[in-house]
Amino acid sequence: MYVLIGLLFILMAGIYEYTSTHRSIEAAVFNEKHAFLEAPFSIDHAEIIQSELTSEKAYAFVVTSRLGLQLSTYTKGWFGWNMSAVSTLYPSVENPSSPSVFSETSMDSSLVFGLYRSTEPIQIHVNGQPAHTIPYQQLRPDVSEDLYMWYYERQPDMIENMDKVHLTARDASGSMVDRLDL
């Protein structure tokens with residue numbers, strides 16, 4: 001009897017996993033219900049970033065018309081892709097006040113990321129390693145402001161050792177613009 005109940009539990013868990021995952025990362029990003037958000041919304045644009053460290057993880061910077069910029073983390077399970085972390089929401093970018101490069105900086109379990117305003121891209125380094133920079137217009141072509149997103153995927157040993165994160169920002173001439181220790 002206990003074996004039968006165990007097999008039934010495994011079967012039900014498998015069915016739930018199969019029905020709640022998506023076959024591609026794009027489908028997971030654009031078709032996810034995003035139940036943690038109160039109001040219904042539609043995703044206008046998304047920048048999907050495959051993890052450089054593992055093929056079973058991906059990130060998506062998502063822009064919605066009412067909520068602004070959010071980050072979602074996705075993991076690949078047995079049957080497909082599923083959202084694994086609640087997104088971090090930024091205020092809508094129509095009215096951000098960013099006195100420093102790192103004023104809109106966040107860190108989730110494996111990603112350090114931020115948003116800054118500048119007339120030209122700034123070189124962001126995380127613990128001496130260059131971060132990736134994406135013009136915000138790539139996500140929202142209708143935005144004419146000079147906004148940039150940046151992100152850096154932390155190495156597993158940085159996470160395990162709980163290493164501090166040192167951020168530096170340099171302009172095109174190499175001059176230090178801002179720094180922050182997390």
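Which residues have the most contacts inside the largest nonpolar core? Before I answer, please keep in mind that this is a predicted model, in which local features need pLDDT of at least 70 and side-chain atom pairs count only at pLDDT 80 or more, while totals for chains, interfaces and linings use all residues. Residues are numbered from 1 along each chain as its sequence is written, and side-chain values use heavy atoms, with hydrogens and water left out.

Let me start with the core. The largest nonpolar core has 15 residues, and those with the most contacts inside it are F61, L69, Y136, M149 and Y151. At least two residues of this core come from each of the strands β2 (57-64), β3 (68-76), β6 (111-117) and β10 (147-153). Another core lies apart from it and has 14 residues, including V101, F102, Y148 and A169. By a nonpolar core I mean a set of buried Ala, Val, Leu, Ile, Met, Phe, Trp, Tyr and Cys residues joined through side-chain atoms within 4.5 Å. Buried stands for under 20% relative accessible area, exposed for over 50%, and partly exposed for what is in between, with a 1.4 Å probe and protein chains only. Helices (H or I, at least four residues) and strands (E, at least two) are DSSP runs, numbered from the N terminus. As a general point, nonpolar side chains in soluble globular proteins tend to be buried together.

Now to strand β12 (residues 176-181), where D178 lies. D178 is buried and yet has no salt bridge, since the nearest side chain of opposite charge, that of R179, is 7.4 Å away. Here Lys and Arg count as positive and Asp and Glu as negative, while His and the chain ends are not counted. A salt bridge is a side-chain nitrogen of Lys or Arg within 4 Å of a carboxyl oxygen of Asp or Glu. What D178 does have is a polar atom of its side chain 3.2 Å from the backbone nitrogen of V101.

R179 is found in strand β12 as well, and its side chain meets that of D181 in a salt bridge of 3.9 Å, N to O. By this rule the count comes to one salt bridge. R179 is counted as exposed because its relative accessibility is 52%, and D181 is partly exposed, because its relative accessible area is 44%. R179 and H125 are 54 residues apart in sequence, but their C-alpha atoms are 9.4 Å apart in space.

Two further pairs can be described in this way. M83, in strand β4 (residues 81-89), is buried because its relative accessible area is 16%. M83 and A28 are 55 residues apart in sequence and 7.2 Å apart in space, C-alpha to C-alpha. S109, by contrast, has its place in the loop between β5 (104-107) and β6, and S109 is exposed, with a relative accessible area of 51%. From S109 to A85 the separation is 24 residues in sequence and 9.2 Å in space, again C-alpha to C-alpha.

What about the backbone? N127 is found in the loop between β7 (123-126) and β8 (129-130), and its phi is near 50°, a positive value in a residue other than glycine. In general, most residues other than glycine have a negative phi. N127 is partly exposed, because its relative accessible area is 28%.

Finally, M1 lies in the segment before α1 (2-20), and M1 counts as exposed, because its relative accessibility is 74%.

Terms used
Polar contact = N/O pair within 3.5 Å; in protein donor to acceptor, adjacent residues only side chain to side chain.
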